[in-house]
Amino acid sequence: MDKFLTKPKNGESSSSASWSSKSSQIAPEVQKDTNPSLLSNVDKVLDLKSFEPYPKERMPISDYGPNIRDEVRRYYINKGPYQPIGHAFPKTKIGSKMRQFSPTWFRGPYSQWLEYSIKGDAAFCLCCYLFKNELESRGNAGDAFTKDGFRGWNKGVERFKAHVGEVNNIHHKCFNRMLDLKNQRQSIQSSFDKKSEKVKSDYQMRLNASIDVARFLLISRFPFRGHDESEESEYKGGFLELLEWHGDRHPDLGRVILRHAPQNDMMICPTIQKEIVEACAKETTKAIIEDLDGDYFAILVDESKDVSHKEQMALILRYVNKSGVVIERFLGIVHVGDTSSSSLQKAIYSLLLDHSLSRSKIRGQGYDGASNMQEKISGLTSLILQDTPFAYCIHYFAHQLQLALVALSKKHLDVDNFFYVVTNVLNTIGSSFKRMESLRQHQADKLEELLKFGEAYTGQGLNQERGLQRPGDTRWGSHFKTLDNLVVLFPSIVNVLKDMKRDCPYHLDRFAAGNLLNQIQEFGFIFMLHLMFKVLLFTNELNKALQNKN
């Protein structure tokens, strides 16, 4: 603290010294409400000269350790915004006039957060400096009032109003957090300490119940929310229904949750549910990192668009645990601005750094065959190998097999035409519920006839109902299942197409059904069906073997 009790430096106003002298008055209050271990950490930070009174020179809040950030914030809040009222503000030519910072702005509606940097001749926002690092992913207040400083004095009031913005603006959220942290009497811990032991016990039971329900839903992969969660709803969603069932099974718990709990303390709102899920995710990730125990690992990466057409990158860790077992654990999904190799590299390194994993420990890379992954000069594989020479990349063997099958099938005209006809058959029959029902009925009648003559047998896993599964373009394991079903359902498919050719009210549909019927009954189609079924039977077994962990 001593460095803030010095005389003003050359070029500084006396107000900067008065701002610094507050530290001797504020420090006892900070010490009174602060954990001693945290105070020692704060002292260490002060020894490193990180507590600067001048906005332009302060270290970002995110650079402080998580355990002392609130103490740092409280320190700056108690000292208040740096406002050198007696300073001779320099003039700057803006347009055709000379402009300067107006000290009257310190006495206006911006007095609680507006700061001025003498060294940078710029205005800053105290509350955004303190809390924007935690809220910047939820909104954007810009860097003018936090990092760079604002100097457009000709539009000062206009820009101050724009920075404050509407009630849901990020500045308001930061300002409210600053007020909450400043008012110790309204803190959660202070309020909790005033409650009776009975109230504390009830609160703990409600919280534990919500956590137990959330953990069950997460493990079971069930949805939390319901379409209608009102009291009159017959089904309020998995979370509320299971919590109510939990209370009915345990009367002591049932007396303190849901409608028996205080309206503002039911622990069931969507925000609390999300916070519990986030806490579970953090604990799960923590367990994965502990199991890895700083050892070597490989990364498996893939990227694709989500339903909102945003590019998302998934990262999986593959390592050998202390028992010698190969483990694959999902680490996280991150949004990437583009799918260039450099962007993916930065996203991977950032995600590893967030979990205190060193990129020097990477001993393997696994990607698909996209050019941004495998390109020899500027691909992701090459970029990571430049930093970690032992991070050898292995192209997914199963994916290589799929790509080889796709390339060969497109080059062979008969095979390409065969799958074109198969796709038309699936689309023609699968696009109508009536035709699908007719297919199922014919399949059931044929099975009943086979059972009657002893040509088929009943039992677990035998004679299951077959469907028409559409094959994926690059997933040729699905092509095998499609052809397998097509061989079994062939008589039923012919029957449906005959009915469609005879009874369909539309001429074009009757023509299409007749054309497909003629094509699938030709020798060439039948021969290709059995040939490709045999080929894909072998490749399907190889495909599954290549995806085993060993």
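**Entry 1: ground rules**

I count helices (H or I, at least four residues) and strands (E, at least two) as DSSP runs, numbered from the N terminus. The model I opened is predicted, so I keep to its limits: local features need pLDDT of at least 70, and side-chain atom pairs count only at pLDDT 80 or more, while totals for chains, interfaces and linings use all residues. Residues are numbered from 1 along each chain as its sequence is written, and side-chain values use heavy atoms, with hydrogens and water left out.

**Entry 2: the whole chain**

I looked up the elements and found 22 helices and eight strands in the protein chain. Of its 550 residues, 39% are buried; buried means under 20% relative accessible area, exposed over 50%, and partly exposed in between (1.4 Å probe, protein chains only). I also checked contacts, meaning heavy atoms within 4.5 Å. Among those between residues at least 6 apart in sequence, 61% join residues at least 24 apart. The accessible surface comes to about 33200 Å², and carbon and sulfur atoms hold 53% of that. Such areas come from the Shrake-Rupley method with a 1.4 Å probe; for residues, only the protein chains shown count as cover.

**Entry 3: the sheet**

Next I traced an open sheet of four strands, in the order β7-β6-β5-β8, with mixed pairing. Here two strands pair if DSSP finds at least two bridges between them. At the edges I found β7 (326-335) and β8 (362-366), each pairing on one side only. Neighbouring strands of this sheet are turned by 25° against each other on average, direction ignored. Strands β5 (residues 297-305) and β6 (residues 311-320) run antiparallel and are joined by eight bridges. I followed Leu-300 across to its bridge partner in β6, Ile-316.

What lies across β5, β6, β7 and β8? I found helix α14 (residues 341-354) there, running at about 55° to β6. For that angle, axes are lines fitted to C-alpha atoms, for helices over the stretch in contact, and angles run from 0 to 180 degrees between N-to-C directions.

**Entry 4: two loop residues with positive phi**

Ser-356, in the loop between α14 and β8, has a phi near 55°, a positive value in a residue other than glycine. Is Ser-356 buried or exposed? I read a relative accessible area of 69%, so Ser-356 is exposed. I placed Asp-121 in the loop between β3 (114-117) and β4 (122-125), and at 7% relative accessibility it counts as buried.

**Entry 5: salt bridges**

I counted 14 salt bridges, taking each as a side-chain nitrogen of Lys or Arg within 4 Å of a carboxyl oxygen of Asp or Glu. Arg-74 and Glu-71 form one at 2.9 Å, N to O. They sit three residues apart in helix α4 (residues 69-79), so about one helical turn separates them. Both Arg-74 and Glu-71 are buried.

Asp-252 and Arg-255 form another, at 2.3 Å, N to O. Here Asp-252 is exposed at 52% relative accessibility, and Arg-255 is exposed too, at 54%. I also noted a network in which salt bridges that share partners join Asp-293, Asp-295 and Lys-322.
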